[in-house]
Amino acid sequence: MSATPAAAATATAEAAAAHAEAVSCTGLTYAFGETKAVDDLDLGVREGEVFGLLGPNGAGKTTAIRCITTLLPVPAGMVRVFGHDAAKERMGVRRMLGYVPQQLSADGGLTGRENVALFARVFDVPRRERAARVDLALSAVDLSDAAGRLASTYSGGMIRRLELAQALVSAPRLLILDEPTIGLDPIARTGVWEHINAVREATGMTVLVTTHYMDEADQYCDRVGLMHRGRIRALGTPEQLRRGLAGRKGTDTLPTLEDVFRDIAGSGLDDNTGGGFREVRSTRRTARRVG
Ligand SMILES: Nc1ncnc2c1ncn2[C@@H]1O[C@H](COP(=O)(O)OP(=O)(O)O)[C@@H](O)[C@H]1O
Ligand SMILES: [Mg+2]
């Protein structure tokens, strides 16, 4: 028996939705003077996945993220978020996403709850829903008990979770996290990832995360893009990339993602990390000031 036209149309629509791209960049290029931070970047993030943009400091991850979030313009190429053009529909794009920047975004002089409430107002969460949504976001990151304390009394891990709550309060379809675990100890890092995963399982939201911790990406990302000098050099599931390298090398032991990266970047990996230390140090300094 053949399906009715209506059922067939529904199935087609469902198939299209299943493959809908949350983020699509084609030919994205962004330069700071002579430095091409992002160089003809093609990137597609599927709806519902956790996608990791990996690479050493200076690879262009933050610049690409800023173009996707509309914080930077799109000088060349095309960026779409759930089909909306980031250059032409900036507000439309912003309404769909939650963003945890690499730099500190919580205010140490406010309580945890006040910080989240501030984001609820900025992101137009309807007034009537605000209190409930703020409580929900705080409880999603396990900060209900600490919500009344000043953020300046929080540990580094708690601050990162607070920033996660700030980004989640608007119930985004796409959560973008730039180095969410930088400078945290291993237990705090695991805590941040577990909360991201729990929210994602509950809501089905798409997650785009940058990190230079390859082991985390291997563990928590559905697919990864290895970025080096402004471009994606390899793309796939962590397993595919690792098996691919094992095949090329003809080895039985499965290499790590770090090995895959070294294979792609070659000797160019170490000479491009110059800005890194300064950036990490300033991030940590900011975290200490609050924490
Ligand atoms: N505001 C800026 N002014 C000048 N150069 C910048 C600026 N931000 C980033 N860059 C340069 O662009 C390149 C990519 O940086 P970035 O996107 O921050 O990389 P990542 O996030 O992967 O560490 C680096 O060479 C960096 O020094
Ligand atoms: Mg960065």
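Figure 1. The model is a predicted one, in which local features need pLDDT of at least 70 and side-chain atom pairs count only at pLDDT 80 or more, whereas totals for chains, interfaces and linings use all residues. Residues are numbered from 1 along each chain as its sequence is written, while chains are lettered from A and ligands numbered from 1 in the order in which they are written.

**Figure 2. The packing of helices H4 and H5**. Helix H4 (residues 112-122) packs against helix H5 (residues 127-140) at an angle of about 125°, with the axes 9 Å apart; axes are lines fitted to C-alpha atoms, for helices over the stretch in contact, and angles run from 0 to 180 degrees between N-to-C directions. The two helices, H4 and H5, are therefore oblique to each other, given that angles under 35 degrees count as roughly parallel, over 145 as roughly antiparallel, 65 to 115 as roughly perpendicular and the rest as oblique. The crossing of H4 and H5 is right-handed, a crossing being right-handed if the near helix is turned clockwise from the far one by less than a right angle, and left-handed if anticlockwise. From H4, Gly112, Arg113, Val116, Ala117 and Ala120 meet Arg130, Arg133, Val134, Ala137 and Leu138 of H5, two residues being in contact if their C-beta atoms, placed from the backbone, lie within 7 Å. The residues of this contact comprise six nonpolar, one polar and three charged.

**Figure 3. Ala120 in helix H4**. Ala120 is buried, with 21 other C-beta atoms within 10 Å; a residue is buried if 20 or more other C-beta atoms lie within 10 Å of its own, exposed if 12 or fewer, and partly exposed in between, with C-beta atoms placed from the backbone. Apart from neighbours within four places in sequence, Ala120 is in contact with Val125, Arg130, Arg133, Val134 and Val169. Ala120 and Arg130, ten residues apart in sequence, are 6.4 Å apart in space, C-alpha to C-alpha.

**Figure 4. The packing of helices H9 and H10**. Helix H9 (residues 238-249) and helix H10 (residues 257-265) pack at an angle of about 60°, and their axes are 9 Å apart. H9 and H10 are therefore oblique to each other, and their crossing is left-handed. Pro238, Leu241, Arg242 and Leu245 in H9 meet Leu257, Asp259, Val260 and Asp263 in H10, and the residues of the contact divide into five nonpolar, no polar and three charged.

**Figure 5. Positive phi at Thr70** **and Phe82**. Thr70, which is not a glycine, has a positive phi of about 70°; Thr70 lies in the loop between H2 and strand E4 (76-81) and counts as buried, with 21 C-beta neighbours inside 10 Å. Phe82, in the loop between E4 and strand E5 (84-85), has a positive phi near 45° and counts as partly exposed, with 17 C-beta neighbours inside 10 Å.

Technical notes. Helices (H or I, at least four residues) and strands (E, at least two) are DSSP runs, numbered from the N terminus. Ala, Val, Leu, Ile, Met, Phe, Trp, Tyr, Cys and Pro count as nonpolar, Asp, Glu, Lys and Arg as charged, and the others, Gly among them, as polar.
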